[in-house]
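Q: I'm new to this one. Can you walk me through it?

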Amino acid sequence: MFQDSSTRLMSLIAILVIAAGTAVGCYRQPVSARAADAAGFQKLVGGLGFGSSVELSTCAVQFDPRLGVICNAHTGPIPAGSLLCPGCGRFLFSFSPRPFENLTGSSATHHVPSP
Amino acid sequence: MSPLLSIARTGSAAILLSPLRSTVTVLAVVAVLVPYLVGIGMVEGLRQEARIAIGVGTPAGEELLPDLYVAANQFGRRVPIPLILAEAIGKFDGVTRVVPRIVGRITLGKDNVEAVLVGMPREELHRQGSTVQQLTRLVDGELPGSRHGEGPQLVIGSGLARKLNLEVGAVLPPIFRSDGGEKTPRVTGIFQSDISPWQSRMILTTFESAADIFGQQELATDLLVFCRRGQPEAIRSRILQSIPGPSTERATSLQPSVTSRTDLESLLPAGLGHREGVFNLLFVVAFAVGILVILVTSGFGRSGRRREIGVLKATGWQTDEILVRSLSESMLLGLASAAIAILVALVWLEWLNGFWIAGIFLTGVETQPAFQVPYVLAAQPAALAALVACLLVTTGSAYSTWRAAVTSPAEAMR
């Protein structure tokens, strides 16, 4: 009886593994139609939205770093001060509040003395 | 069948001998793996969306998104940029056009629902709208076309529409008072829920209406600069050197800030990658705790298991054969757990649309997201999950099995 049951169990595990593999195969890339629609939306708004927030109440940088260079709630010298921001505190997607000078691209912020 | 394979096959029989222990082990591993797979799936999905939002991978010669974003700083903070600078930048060699944009925070309704108001010039909206193949796939309704002084026409996000119970054609209570009296905003369209997560709380209107709503004429949040191919870096330098010019009195104290696609692209690994690393680190701790959990759960039916191993040893099984049998059992349990975790993660993200968990990871998202949560079920985290599941179960049960296997059959069966 155990022989039958163990065979059935092995088959069940094999089916689960195949199903999981198929799921990964099917969903390992975003749907192209959705990507085209997302590109159309970004064209309409001129490219907006980049981070983990969908609104501006907590931290504009986390909505889109194009709207600001540092988090408003960043407390600077306090250790782990950026974690006080509920936007930056979402550790999974947050951007480190860092000035554009530190980015790999060429300097983006430039001080121009007043004439 | 080789003797080793025959022994390994008895591993599946061993799972059935202690069903409670096997079930608890699988549940413990699934509980650890599912949030990991869901989180990593969402971070990958958002990374793809962010790449689209900055125009990475745009075919050469196709003008989709601006090359440069020019903003102004004062006292180290972002401030509005005067529209007069748009005219100056537009005259630079290599600049094809400059589009001013307003992005601001407003609240709506008696519950003060947060929204992001975006104002784009009317001509630009209709120009871009005409280039989109199927506008109805983006917006249910029409694009706004309101002029200065008219009642604002709005396209609102799917999240706002659901929260405020608004439909196309609905009117909102006046949200500003202009010189000509109160103006009643009207909803001309609603963004489709599956186009982007950032549309959820967005309100799109014309630049003129946005300026009326905020009461800021002749100012913009940023200037979107479209350049000829290969020109952005030179134009960026020129903007930084020559803006503001001596003739722009109001702009003399402003520091221009120019953001290019390269800058934004470098934020993806810097931001998402760093934080993703922290997330992974946290799950290393969770996996370590998982080993202890499995260690404890392997104590379920321990006396029965000791007796079972004692009987096996009494019937001639060697210690290494018992360990192979246990390893086979652990691998099967690990594989089953990983497969179940992947399928549960898929169900949670695809059919339940990240119910509750999307609100944990994304700020401003309701328990039931009003947009299609972006995700990618990549092969790498799935393979890692399978490996970790096998390691978890094997590590958690190997010690107790070995302790029972090295004792004498008489002692084990007592």
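A: One term to begin with: helices (H or I, at least four residues) and strands (E, at least two) are DSSP runs, numbered from the N terminus. B:Leu282, for one, lies in helix α8 (residues 261–297) of chain B. This is a predicted model: local features need pLDDT of at least 70, side-chain atom pairs count only at pLDDT 80 or more, and totals for chains, interfaces and linings use all residues. Residues are numbered from 1 along each chain as its sequence is written, while chains are lettered from A and ligands numbered from 1 in the order in which they are written.

Q: Why does B:Leu282 count as partly exposed?
A: Because B:Leu282 has 15 C-beta neighbours inside 10 Å. A residue is buried if 20 or more other C-beta atoms lie within 10 Å of its own, exposed if 12 or fewer, and partly exposed in between; C-beta atoms are placed from the backbone.

Q: How many helices and strands are in chain B?
A: Chain B has 13 helices and 14 strands. Of its 414 residues, 47% count as buried.

Q: Which residues have the most contacts inside the largest nonpolar core?
A: B:Leu33, B:Ile342 and B:Ala385, in a core of 123 residues. Helix α2 (residues 19–53) of chain B gives the most to this core, with 17 residues. A nonpolar core is a set of buried Ala, Val, Leu, Ile, Met, Phe, Trp, Tyr and Cys residues joined through C-beta atoms within 7 Å.

Q: What does B:Ile342 touch?
A: Not counting residues up to four places away in sequence, B:Ile342 touches A:Ala20, A:Ala23, A:Val24, B:Leu37, B:Ala382 and B:Ala385. Two residues are in contact if their C-beta atoms, placed from the backbone, lie within 7 Å.

Q: On to helices. What should helix α1 of chain B span?
A: At 1.5 Å a residue, the 15 residues of helix α1 (residues 3–17) should span 21 Å. Its end C-alpha atoms are 21 Å apart, which agrees. The expected span is 1.5 Å times one less than the number of residues. The buried residues of α1(B) are B:Gly11, B:Ser12, B:Ala14 and B:Ile15.

Q: Where is the kink in α12(B) centred?
A: On B:Ala398, with a kink of about 35°. The bend at a residue is the angle between axes fitted to the seven residues ending there and the seven starting there. Helix α12 (residues 379–406) of chain B has 28 residues and reaches 40 Å from its first C-alpha to its last.

Q: And strands? Which sense does β4(B) take with β5?
A: Antiparallel, over 7 bridges with strand β5 (residues 113–120) of chain B. B:Thr107 stands opposite B:Glu114 in β5(B). Their hairpin has 4 residues between the strands, and B:Gly109 takes a positive phi near 75°. Strand β4 (residues 95–108) also pairs with strand β13 (residues 222–227) of chain B, antiparallel over 6 bridges. There, B:Arg101 stands opposite B:Asp222. Two strands pair if DSSP finds at least two bridges between them.

Q: Last topic, confidence. What does chain A average?
A: Chain A averages a pLDDT of 71, and 57% of the residues score at least 70. pLDDT is the predictor's confidence in each residue, from 0 to 100.

Q: Where is the pLDDT below 50?
A: Over residues 96–115 of chain A. Where pLDDT is low, the predicted coordinates should not be read in detail.
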